[in-house]
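Dear colleague,

I am passing on the structure that I have been looking through, with the sequence alongside it.

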Amino acid sequence: MSLLEQWREHAYSQDTNQKMGQLFWANYFNIEKGIYEQLLADPDTVVTGTVKELAEKYDTDIETMTGFLDGIDESLKTPNPIETMDENTEVNLGFDKEKLYYNMVGCKADWLYELPVWDNLLTVERRKELFLQSKKSGTVVKEKKVGRNDPCPCGSGKKYKQCCGR
């Protein structure tokens with residue numbers, strides 16, 4: 001079983017309605033926040049190393065680091081082989097700032113996208129734009145349905161029922 005499968009099996013089996021599940025996720029989110037604070041403090045340096053080395057660097061266990069790598073993967077400039085990685089797999093944390101912020105908003109991770117360090121990375125205007133883009137991306141907009149007695153949208157001038165609605 002790969003590290004990612006182990007992480008997902010353990011993490012997603014947690015019942016968030018139970019105290020143990022809530023404690024697990026609260027602890028994970030706290031560790032995640034600490035890692036992001038360190039990463040975002042020096043965004044131009046691409047952190048690389050094995051999964052084991054990164055877990056040691058950020059003072060966490062390999063399973064938690066695997067969860068972190070799973071979460072950040074879509075925001076990386078070069079994705080890691082997370083599906084097949086083991087503790088000796090070389091990975092990188094070279095992220096795209098805008099993509100990372102956008103994805104954090106999409107995941108509703110306010111404890112991450114509201115970190116004060118973002119003030120030095122993206123302008124307030126750009127963060128607002130990314131926030132709105134992310135929120136709108138999940139919105140489904142239904143087109144207005146053409147009624148049978150409405151003018152036909154093809155532009156013929158006829159009623160829809162006498163034209164394309166036949």
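Predicted model: local features only at pLDDT ≥ 70, side-chain atom pairs only at ≥ 80, totals over all residues.

I begin with helix α2, which covers residues 19-41.

The packing of α1 on α2 can be described in some detail. The two helices meet at an angle of about 130°, with 11 Å between their axes, and α1 and α2 are therefore oblique to each other. On the α1 side the contact involves Trp 7, His 10 and Ala 11, while α2 contributes Phe 24, Trp 25 and Tyr 28. Sorted by class, the contact of α1 with α2 contains five nonpolar residues, one polar residue and no charged ones.

Several of these residues return when one looks at the aromatic rings. Over the whole structure, 13 aromatic pairs are found; one of them joins Trp 25 and Phe 29 in a tilted arrangement, with 5.5 Å from centre to centre and 35° between the planes. Both Trp 25 and Phe 29 belong to helix α2, where they are four residues apart, or about one turn of the helix. In an α-helix there are 3.6 residues a turn, so residues three or four places apart point the same way. Trp 25 counts as buried because its relative accessibility is 14%, whereas Phe 29, at 29%, counts as partly exposed. One aromatic cluster is formed by Trp 7, Tyr 12, Phe 24, Trp 25, Tyr 28, Phe 29 and Trp 111.

Also in helix α2 is Lys 33, which is partly exposed, with a relative accessible area of 30%. Leaving aside neighbours within four places in sequence, Lys 33 is in contact with Trp 111, Leu 112 and Leu 115. The C-alpha atoms of Lys 33 and Ala 109 are separated by 9.8 Å, although these two residues are 76 residues apart along the chain.

Turning to helix α3 (residues 51-57), I would point to Val 51, which counts as buried at 0% relative accessibility. Not counting residues up to four places away in sequence, Val 51 touches Leu 3, Ile 62, Met 65, Thr 66, Leu 69, Met 85, Asp 86, Glu 87, Thr 89 and Val 91. From Val 51 to Asp 61, ten residues apart in sequence, the distance from C-alpha to C-alpha is 9.6 Å.

Most residues other than glycine have a negative phi. Asp 59, in the loop between α3 and α4, has a positive phi near 55°, and Asp 59 is exposed, with a relative accessible area of 71%. Lys 108, which is placed in the loop between α5 and α6, likewise has a positive phi, near 60°, and counts as exposed at 60% relative accessibility.

Definitions and conventions:
Residues numbered from 1 in each chain as written. Heavy atoms only, no water. Axes fitted to C-alpha atoms, helices over the stretch in contact; angles between N-to-C directions. Parallel < 35°, antiparallel > 145°, perpendicular 65-115°, else oblique. Contact = heavy atoms within 4.5 Å. Nonpolar A, V, L, I, M, F, W, Y, C, P; charged D, E, K, R; others polar. Buried < 20%, exposed > 50% of the residue type's maximum accessible area, 1.4 Å probe, protein only. Phe/Tyr/Trp six-rings, centres within 6.5 Å; stacked < 30°, edge-to-face > 60°.
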